[in-house]
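Please read this report alongside the sequence and the coordinates.

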Amino acid sequence: MSDGIALISTFSSDDECAQGIEALHRAHVHDFSAFAPFPSEKILEATSEARGQGRSPVRWWVLTGGITGILTAIALTVGTSYEWNLNVGGRPIASIPPYIIIMFELMILMGGLSGLLGFLFHSCLPAFDSAAGYRSRFGADKFGLVVRCAENEVSRLESLLRDAGAEDIAREAVITQGVPSHH
Amino acid sequence: MAAAVETNLQPSYIDIDRNVQRAMAPGGLKYWLWVAFCAFLTALGMIFWTNQIYKGLGVTGYGQPNMWAVYITDFVFWVGIAHSGTLISAILFLFRVRWRTAVYRCAETMTVFAVLTAGLFPLIHLGRVWFFYWCVPYPNERFLQPDFRSPLVWDFFAISTYLTISTVFLFTGLIPDLANAREVSTGWRKTLYTILSFGWQGTDRQWRNFSMVYLLLAGFATPLVLSVHSVVSWDFAMTQLPGWHSTIFAPYFVAGAIFSGCGLVLTLIIPMRKLMKIEDLVTIWHLDNLAKVVLLTSLIITYSYATESFMVWYTQDPIEIMTFNQRYYGPQGYLFWMMVACNCAIPLLLFIPRIRTNTVCLFIISIFVNIGMWLERFVIIAGSLATNTEPSQWRFYVPKLTEVVITVGSFGWFLMNFSLFAKFMPIVSMTELKEGIGWLRHAVRETYPYRKAA
Amino acid sequence: MNRILIPVALLLFVSGIGTVAFSQRPWAPRVDVQQPIPFSHRVHAGINKIPCEYCHEYARRSETSGVPPVQRCVGCHGSALLGGLKPITQPWTDRHQEPFEIRWNRVYTLPDFVRFVHKPHIWAGVACQECHGPVETMDRVVPVHEINMGFCLNCHVKRGATQDCFVCHH
Amino acid sequence: MSDGLSRRSFLKLAATAGAAAAIPGCEPAARKIIPYVVPDENVIPGVPTFYATTCSECPAGCGLVARVREGRVIKLEGNPADPISQGSICARGQASLQGLYNPDRLGKPHKRAEDGSLQEIAWDQATKEFNDRLAAAAEAGKDRIAFIGASQGPTLDKVTALWLQAYGSARLAFWERIGEEPARAAADACFGRRDLPLYKLDQAETIISFGADFLETWGSPVEYTRQYADFRTPRMRKGGLTLGKAAYVSARLGSTGARCDEWVAANPGTEGAVAMAVLNVVVNQGWISRDSGVAADAVKNFAAAYDPHTVSEQSGVPVDTINKLGAWFGQADGAVALPGGDDPQTYIAAYILNAVTGNVGRTMVFLDGSPAEAVTRPDQVKTVIQAIRDGQVDVVVVAGGANPVYSMPPAWGFAAALKRVPFVAWMGDAPDETAAAAHLLLPVHHALESWRDTAPRAGVYGLGQPVMQPVFPSRALHDVLIESAHLGAGASAQSIPWENASDAVNAAWQDLQGKLAPDSTGQAFWDDARRKGGVFREAKPAAVKLGSAVLAQKLQPKAASSGPLTLAAFPHIFFYDGRGANKSWLQEIPEPVSQIVWDGWAEMHPDTAAQLGIKESYESTRLYAGIDVVQIDTPNGPIETAVHITSLVKPGVIAMPIGQGHSSYGRYAAGRGANLWAYLPEGTRSLGVQARKTEKRHQLVTPMGKGDMMGRSIIEAMSIGDLVKGVVPEVEGEPHLEGVPHEMYEPFKYTGHKWGMTVDVNSCTGCSACVAACYAENNIGVEGKDNVALGRIMSWIRVERFIPRADEESHGPLLYIAPIMCQQCDHAPCEPVCPVFASSHTSEGLNAQIYNRCIGTRFCENNCPYKVRRFNWYAPEWPEPLNLQLNPDVTVRGAGVMEKCTFCIQRITTAEINARTENRNLVDGEIIPACAQACPARAITFGDLNDPNSAVLKRRADNKLRNYTMLPENNALPQVTYLRTLYREKA
């Protein structure tokens, strides 16, 4: 969609914003993105329903990270023990019980780190160019809902959003790359 | 002021922001004097450490058989301090405890810097610190690697993991607030926050991943925090030394850690909320809840002390019994009784609601808690070593200037970092306060009478 | 973040560098060692096929292989046809030196915490060249291998010799 | 010489470079390699050379073997060929190395200027001055020169005499403070011969020592320790397994007394009376031996005055104790009474006791052909001093380590007399109090640098040869004398035909060859003597008979002169008469019983202390053995000293060690405690004194924490009765031991060797020779008083002393004493806790500590139940030239690393290398760790536990009942086992 209009509607509460999203969903408009100052359950439910998404894929990053951690630890501990078979206080060359601790710690470490990476990756962070329709108040006390639509749809959606309780709706011509879209 | 009280009975999103932004306003002369003072203490510690490295550990009061003493005590103390942060930020998060929102950022900051401080002490205590990296596995031509059986290597892995994970956790939670700060700040601060906030904008997609990773990190931090102090306690429990060789050490140390940690949170947050004028966000109601945790953990460790002594009596091992006899009635027995007073007796005052809600009392009690927990570690470590299996090698440890100065220096180092962070970063999580604004309002209403009284 | 990273990174960096420098120096090979007289192992051991242990006579019996006494040099050089005493009694490079007192410069050194004994290695049939390189081809001896623990260990593993740390470090 | 790849020069550097000597990559050895011009055929660089010589630390005259590496003597050991030392020497002998390398030795000749300061002068200048003065004195008339010195053995003493004659003087005195005079006088009185008897303790069933600390300083301690160990091993007597009976009569329980059954606490000075009382009991019971050939009633009359009751009052010894001693002595199959102290009467009493019970010739033997008296009699010494005081002497020469200013009785007024002499020449190694009073100081060789011979007893001719080039530009004492005679004395020097001392000794041995081995050639004899360290022959026992005259006379044993308290001085086991005090090892090793280091002290019974208003205000757990200072008023002035409160001394007695209190004897000796020789009158070691508490404080430092074993299984004892019955005693303090030892995993397989050790606590006397040997062998640092007070003593092996509790006294030894070193555990608790494998096990069962891998977490020591690991809190320092003594085969540890006993791994590897290169198997006994090698009592056995017929396994098997491991409940499986000490149940 080369060009269009971005409707930037501002809400003062998250359930109004959520209603707006649901309204859009019912109107089969899915090219929107919501802004909020905190992770509002309502908004997140509404959006995921609207987009028909499951839970965040970051989970899988963490899982793989954790498993990698365990495997690394096993290789490290057992491997180095057999690199030079030193008799230490009559213990077996590779004594597993103490190594479990290393495995646990490395699982946590790698799991956590890959989780962070996953989060950054899926949220397309860092991204320093401010997205279309972003208003600084969206980070403070207002909730935003930015919809992209063609000229002809504007009025219909505006009324939709107003019904949902938008305080104010601004129009903006869309810059080429437009709203970051993640599908 | 009165007007402020009136308005703040229904704090709005923007009130929260205002409060935090006020707290982040550039510091005055007093603030910088305080930071300079902390820096001075740090420098002093550094100088003494340098001297110790140069001349050898002989400059300390260490000797046969007191191979470990103040430094390891400090280490355990600081690691313990760290734990309450993770408890409040992660465990209470999982249990959806509402009062945490106001204090968790502060607690977690404390965690990171406490671990950072703790990490120094194993190094300070080494005989040849310049070879500390031999504890780290790395490829070398000698085929030599660390011995993963050694509790000290467990320590290394546990502590470094803990530092990394809690840093990540703190930072993740910080991102939205930094974005918020970015919008209102100017100049170099703006650039800093812009970079640190990674250009966060709070779109629903970002929030979706954010909540997931935050949840999982919390889920990771919870077992981690338990493991870390267990591992630390195994430094002692894994040995054969009477007074150390005990199976209850892990839970006992974890409880103690959280106890001391909450104590220090109180010590830090009570003056801080005054100085930074964030009483509206961190209310008496929050402190009251913290105090309850302190009380609970105090009861737990009281029980642990009892159990420990009972076990010793129950084993009927004369050597073990003699060690504890010395711990209670020996030349340094007074330390033990001071510890009991600080950790078991004084916190009982917290049963009284009026004390829980009186910041001054809370502050004083929290100081006692810190002292008591430091003494606990000292009594266990130095005391048990002094009365070992070989009577001819008994000797009670008395610190010298070097240990004292380095310990004081570590507090300077910790407070300096903490103060700087508190000034330049949002020390209260705006995001979470907004999320749970209903509870904030509840808290403000709850504490309104006290505020009026004050 | 930086406030945390920088001190730690610095500590790591400095101590790392320091340690590496510190621990490598004693057995770092010195290729630049000049000797007071231009003695050539190539001529002696290579061309004239004098066995190593003719001069380094203690290797078979002692910790140290020993540096030949001047007497041993005179043994051959003393006779007129080989140029007489001149070459050895009068050092060529260092004029301040006493005659008969040749101040050789050390090429191989081991740190004090290693006790290396030549004797068992000779008896185990380890050729001098295995550690010292093809000395018989060198005019001025330069070390070929860096004699560090890895070097020793490789050989010990290969030959199934002891791997007790205590044998060399005590 | 080639210091090519040897590490000596490095060590020199390492030891002095302090921090730079940290183990990892310090500046390597000097980069220069300077080969020999002509090599020494006998020396292989890197291989030790052994030279036999003799010890000069006390008159016992033990034979030594010096281990020399690259021209430096690095260790002294006993000479196995020598009948006296038989291969082991005491701590003092070990430490004479530090006399050789003493940092305070005089390097160059010095002359005292007008202002009293010392100026360095050249040797020829010094000798010129010396000779001129002598010549001038000789000019002035006869006997204007006096020589006071320590005996240097027959030949050199003869040279000295001739030299003095050449200068026309006869004022000659060989001075030894702990002298032989009482013994000789008594022998003269009793048997009409002035030689010293030989004691054969191993032949006796009963030993009663009347103040003779024969395991510490008395007579020939090494020999007596060895004999006593034999004596104490249970053997079949009268058809049963019995333990020799030993009693120690003295006011203070020393380490000698600690090994006896009975400590008879008699008032100081009354030992002789007690002996007489015992004699009284013996004769009245009719236990006089028929063949002793003495008239019973004569003895009866003689002893009549000493019936137990009177003596009991005088000496404070209970009557029944005296009777018991009498019974023990009279009924024994072989008994010996050992007289000690300076009082001839005690000796006479003991000799008679031995004689009448027929033990002379059996346990106390006189030999034919005993050497002439080396030490001048006190009355002759006094005449010399008198002459000096009267100004009849222009030149006094004090030489060879005699330190009269320090050690002569105050009544003799030697120091004062010396002030009147215009010229005093001092010739010695370490400048002492006498040197401080001298005008000319000439540095002479240490005994290990010079030629000498010794004649300790009949049949033993020791040859002392220099074992290394002199450390300092000093000269041999007698070289100087001979030269001076030739230059200064003119014609009368004809009587000295030799060029130098070695010629003199050589000549003397040529004569000896004529006497001893006529069929051998001089050279062969000489070479053989140099190889063996002397010539040793069996001497015939002399037939002696107790003269009747002595029984006629009346004995008045000197009781301590009046005074509320009695001061009893005892020679410090390590300082002897004071000459040991400048050796840092001897200062740092704790005195076995009091466990005090680096100090002089006064021992008091708690009751005595209470009377003075002193109570134990210190905690042993702070490593202070005492802190209150008392002033003790003696007839010869006050002594101020710190009090050590102990139950091991008689109430009313103040026991003080002799040997400290040097005003100028080097950095290690100066300014510690009091010099008791300056207070003790001639002929006694006790003194009536008054004492009062002062407000001063002085900390007596000990490395010993608690002296109470708390019933733990550390040093165990069992009664001879149990041994006979075959019962293993219960250890009350031990927790449940079922299932110990326990193996959780598949035990590690030790193919090849597995090293282990057994220590017989019953033989150990606490003499600490093992400790000194370990210091010497393993480059162990000396920490000094302040660091010891912080628990930083570095010794790898320590002699522990536990005092039994009141309730244990009835069943147990007087003291528990045993050496404790690394137990080399199979389940070493120290190993798994090390993060970097610095502590791990070798394939030969050794618990290795790799210094260069150690990063100093000190976790291992926390987990060591025996607390035998030592941490380098500072980098150790060896003041020049002490560093030359360092053993090149052992790493010099730097600051921040842990160290501990290695079973002398350097000796093990060397032996293994030799065996492999000679492709043979190791022989049992080929490897002997320094401690086992030094032990005079042979208490320590080391060997291969995988060799079924190794001595160590055999010793364990032979003593199954006594074999135990320390603190077994730790399940550490120590490879060191101990054999329980034996005691006799008290009735």
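The model is predicted, and every value below is computed from it.

**Chain A**

The secondary structure of chain A comprises 5 helices and 4 strands, and in sequence order these elements run β-α-β-α-α-α-β-α-β. The domain assignment divides the chain into domain 1, made of 2-55 + 131-175, and domain 2, covering 58-122; the C-alpha centres of domain 1 and domain 2 of chain A lie 45 Å apart. The radius of gyration of chain A is 25 Å, whereas a compact globule of 183 residues would have a value near 16 Å. Along the principal axes, the C-alpha atoms of chain A occupy a box of roughly 80 × 30 × 30 Å.

**Interfaces of chain D**

| Quantity | Chain D and chain B | Chain A and chain D |
|---|---|---|
| Residues in contact | 61 residues of chain D, 55 residues of chain B | 7 residues of chain A, 11 residues of chain D |
| Buried area | about 4900 Å² | about 910 Å² |
| Share on carbon and sulfur atoms | 57% | 67% |
| Salt bridges | 1 salt bridge | 0 salt bridges |
| Polar contacts (both at pLDDT 80 or more) | 33 residue pairs | 3 residue pairs |

Between chain D and chain B, about 4900 Å² is buried; on the chain D side, Arg712(D), Arg853(D) and Asn862(D) lose the most area to chain B, and together they account for 14% of what that side buries. The count of salt bridges between chain D and chain B is 1, and the side chains of Glu390(B) and Arg798(D) meet in a salt bridge with an N to O distance of 3.0 Å. The elements of chain D that contribute two or more residues to the side touching chain B are strand E31 (798-802), helix H26 (859-863) and strand E35 (870-871), and H26(D) gives the most, with 4 residues. By class, the residues on this side of chain D divide into 33 nonpolar, 12 polar and 16 charged.

For chain A and chain D, the rule finds 3 residue pairs in polar contact, both residues being at pLDDT 80 or more, and the side of chain A that touches chain D has 3 nonpolar, 3 polar and 1 charged residues.

**Salt bridges and backbone geometry**

Over all chains, the structure holds 80 salt bridges. One within chain D pairs Arg105(D) with Glu449(D), whose closest N and O atoms are 2.9 Å apart. This pair links distant parts of the chain, 344 residues apart: Arg105(D) lies in the loop between helix H2 (91-100) and strand E5 (110-112), and Glu449(D) in the loop between strand E19 (440-443) and strand E20 (452-457) of chain D.

Where do the cis peptide bonds described here fall? In chain B, Gln64(B) and Pro65(B) are joined by a cis peptide bond with omega of about -5 degrees, and Pro65(B) sits in the loop between helix H3 (29-55) and helix H4 (70-94). In chain D, the peptide bond from Glu880(D) to Pro881(D) is cis, with omega near -5 degrees, and Pro881(D) belongs to the loop between E35 and strand E36 (898-899).

Ser768(D), although not a glycine, has a positive phi of about 70 degrees, and Ser768(D) is placed in the loop between strand E30 (755-760) and helix H24 (769-777) of chain D.

How values were computed: Residues numbered from 1 in each chain as written. Chains lettered and ligands numbered in written order. Heavy atoms only, no water. Contact = heavy atoms within 4.5 Å. Buried area = accessible area lost by both parts, 1.4 Å probe. Salt bridge = Lys/Arg side-chain N within 4 Å of Asp/Glu carboxyl O. Polar contact = N/O pair within 3.5 Å; in protein donor to acceptor, adjacent residues only side chain to side chain. Nonpolar A, V, L, I, M, F, W, Y, C, P; charged D, E, K, R; others polar. Domains from an automatic or database assignment. Rg over C-alpha atoms; globule rule 2.2 N^0.38 Å.
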